[in-house]
Structures are given as structure tokens and as C-alpha cells.
Amino acid sequence: MRRVKADLLVMGASQVVTVAPPPGTPAGPRSGKAMREVGVIPGGAVAARAGRIVAVGEETEVRGRVDLEPGARVVDAEGGTVLPGLIDPHTHALFAGWRADEFRLRLRGVPYLEILAAGGGILSTVRATRAASAGELARLLEGRLAAMLLCGVTTVEVKSGYGLSWPEEHKLLSVMAQVARSQPVEIVPTFLGAHAVPEEYKGNADGYVEHIVRVMLPEVARQGLARFVDVFCDEGVFDLDQTRHLLSAARKLGLGVRLHADELASLGGAELAAELGAASADHLLRSRPEGWRRMAQAGVVAVLLPGTALFLGKPYAPARDMIGAGVAVALATDFNPGTCPIASLPLVMGLACVGMGMEPEEVVVAVTANAALAVGRPDLGTLEVGKQADLVIFGVPGYEHIPYRMGGAPVSWVVKKGKVVVERGRLLESP
Ligand code: NIG
Ligand code: FE
């Protein structure tokens, strides 16, 4: 076999979990039995050059195949487990202010939507976020992404949605673009102008949706500020018709679409996601079998957020039934100040096993290969030749330790685009 040059070699692993699809697996998000195939190479190694993977296999085979360039980096995994860099496909990580007061109210039994209807909830975060400068918000986001990186997460979808006017939403999307350049975690920006009806449009959700369609969406598309458009489609927020109208307009502008579907009430968001060819439908706590069937047919990824169900004290999404119905499942934190302050994707992996009965293999696929497709990045999520060299080394002897230790599995190294960004558990300042 032809030898290849490499500037990075990862060796000394107890296992390399490639998450490569077994031969014959249909292209697209992985469902059914294909969610249990994680492609373990015991004693494996990975080599990369210029940010792309050039060889994966058993260590002797990889060493025999690559020529290390002068100055190449050799990372000794010291018996750890190598996985593709984890992908968090649903977060609201860009906000100012926390809502501990609301936490107390909810503990006393006040419902989430009642707090929102009274001008709190999302709207209180909107007030705090509007009051924060772009610089303050950038520092907050950088700190949160650094914490996520230390959990092994190399790509994060971040939604706007705490601005709710064009200048304020623009501020948030611009901060994302700036932070995408200032630190190593890749951001997938999503425009969530339809996160709540702002005070200025109180009682006039239709008017606000029209403002988004006519003013905000064309600017988002023209300035290339977001890859996806999302809507909080739920009882007391945006209904099915408003969501369809807004997301159809987004699609016409060439933007990808996704939605918060059937989280608090069964409105038929899952079915709408299938109708629109959305990349994902997220939450789905109250989704129905007909919705799963249509999502499976349309190849829509179900992004499940067990941290949110836990924090809201609601029953978990029926992941087992969805997987049984052929739906491709991904997992995300939903990190936000109202419904899920958990930022650790490995902890969410543990919750998915314990709370939703997912298998360790399924949760691995859910935060790698399927999460990559949920955010429109087929070049991420597996360790295969030609893919972007994003990988994480956990200091554990096997991948099942990651959900098992409920967020406590140590991350020893992280590589982003072929560069070491976390070294022996420490974030490098300027990789
Ligand atoms: O995914 N559901 C809508 N948005 C968030 C909550 C945001 C907030 O409460 O600030 C969610 O749960
Ligand atoms: Fe959310």
C-alpha cells in the first residue's frame, strides 16, 4: 500500500472507536441496528496531515503506512480510548444572566410556561442579554466553550434567540462569528429569532413572525450569519402554521431548518419537521408514533435532550420506541439558563443510558456520527480517512466508561483540525 505523510500520530490507545459505518450501511443518519456499530479497533492508532485523517487502523499497520514529517506531533494515549471529537448539536450557550430565582419558583411547582407568560423565563434572559455588550457576551461564550472542550466536545451548535429584535439578534450572531475565530471549538450558528414573542410584540405573535420573515431572515441569509433557522414550536409560543411559514421562508433563502418540536405539548412538530425536510427535530418529549414514522422516512435526526427532561422533572423522550421505529437519534445538552444548566455532553450520555435505556454504543453514535449530520457536517463525527481530524482521548479503558461514569470520565487529550488543543487534561492557551 502507498505510504502517506503525516504531521500527527495518535498511538498507545487501548481502543480507537472509529464510529465508521459498517459496510453496506445506507448513507445518512444511523438508525436501528446501525446505531450499535461503533467500529472498535483494539490497540488502534490514527494519523493525520493538515487537519485531515490520513490513516486509521491497528497501530503497527498505521505506523507501517505513514511517514512522519519533521516536527510531527506524536500523542501517546497511554491506554486511553480515542473517539471522534464529540458534537453538541443543540445549545443556547450565548446568554447573559442566570435564573436562580426562577429555579426556586419551579421547585415550588410554578410551571415553565406560566413564568414565560408572566414576562419571565426566556424574556428575563432576553433583558439581561440585551443589556450585555458584545465583548461581555463573547467572554461568556468563550468560557463556556472552553468548559465543553474539556469534556471532549469539539463542535457546538449555538442558537441565538435571546435578542428577539434585529439589532440584538445581529449582535448575538456577530458574537458567534467572532468567537468562532478566537478559540478552537467550531460553532454551528443557528438563528432562533422565534424563541419567544418579545415584549414589543406582546399578543401579536403573527406580527412578530412576519417581521422575522420580512426583515430578519433576508439579512441572516445575505450576511451569511447562520447555517440553520430554528423555531420554538410549542403551546403558548409559536404554533404549527407560524412555524411552517417561517421555516419555509428560511428554506427558500437556502438556509437549513430545524425545530424545537413537541417538547411541552403534542402539536405535531415531528410531522412538520419531516414535511419540511428539517435536519433535526429536537426535544420530542411529547411526540407521537406517526411523527417518528415520518421522521424516519424523511431522514430527520431526533435530537434528544435528557438533561432538560431531568431538570424540568418531565418524563424522558421515548428513545427506545423511537429507535425501534427507525428514527436516527442524536443527543445534546440544550445548555441554557432556563431548562438545562448542564453543559457536559458526557453527563448527558450517561443520562441517556440510565434515563432512556439507550445502549453505550447508541449514545456514542448519537454524539458523533448522528450529531454531525444533525448539524449538517458529514465531514465530522467519525474517524475515517478524509474526515477532519477532530478527536478526543478519554483516560479510560473502553468507551462504555464514558456514559457509565456520568460525566466523570477524564479527558486527557483533544485534537481539533489536527492540532492538539487539550494536553494531559489542560487547555492550551494558544494551540
Ligand atoms: O430548549 N425550549 C426552548 N428553549 C430552551 C429553553 C430556553 C430558556 O428557557 O431560556 C429549551 O428548553
Ligand atoms: Fe433548546
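The model is predicted, so local features need pLDDT of at least 70, side-chain atom pairs count only at pLDDT 80 or more, and totals for chains, interfaces and linings use all residues. Residues are numbered from 1 along each chain as its sequence is written, chains are lettered from A and ligands numbered from 1 in the order in which they are written, and side-chain values use heavy atoms, with hydrogens and water left out.

**Entry: Pro21**

I checked Pro21 against those limits. Its relative accessibility is 35%, so Pro21 counts as partly exposed. I placed Pro21 in the loop between β2 (15-17) and β3 (40-42). Strands here are DSSP runs of E, at least two residues, and helices are runs of H or I, at least four, numbered from the N terminus. I then listed contacts, meaning heavy atoms within 4.5 Å. Setting aside neighbours within four places in sequence, Pro21 is in contact with Arg30 and Glu384.

**Entry: Thr368**

Thr368 is in the loop between α14 (360-366) and α15 (369-374). Is Thr368 buried or exposed? I found it buried, at a relative accessible area of 0%. Beyond four places in sequence, Thr368 contacts Val19, Pro84, Leu86, Ile87 and Gly381. A polar atom of the Thr368 side chain lies 2.7 Å from the backbone oxygen of Val364.

**Entry: Asp230**

I went to strand β11 (residues 228-233), which holds Asp230. Asp230 has a relative accessible area of 1%, so it is buried. Which side chain makes a polar contact with that of Asp230? I found His260, at 3.2 Å. A polar contact is a pair of N or O atoms within 3.5 Å; within protein, one must be able to donate a hydrogen and the other to accept it, and residues adjacent in sequence count only if both atoms are side-chain atoms. Not counting residues up to four places away, Asp230 also touches others, among them Lys159, Thr190, Phe191 and Arg258.

**Entry: ligand 1**

I counted 15 residues around ligand 1, and the closest are Arg99, Tyr112, Tyr162, His195 and Thr339. The count takes residues with a heavy atom within 4 Å. An oxygen atom of ligand 1 is 2.6 Å from Tyr162. A nitrogen atom is 3.0 Å from Glu263. An oxygen atom is 2.9 Å from Asp334. Taken alone, ligand 1 exposes 320 Å², and the protein buries 100% of that. These areas use the Shrake-Rupley method with a 1.4 Å probe.

**Entry: positive phi**

I looked at backbone angles last. Most residues other than glycine have a negative phi. Glu78 has a positive phi, near 45 degrees. Glu78 lies in the loop between β6 (66-76) and β7 (81-84), and it is exposed at 61% relative accessible area. For Lys417, phi is also positive, near 50 degrees. I placed Lys417 in the loop between β17 (411-416) and β18 (419-423). With 43% relative accessible area, Lys417 is partly exposed.

Note on methods
Buried < 20%, exposed > 50% of the residue type's maximum accessible area, 1.4 Å probe, protein only.
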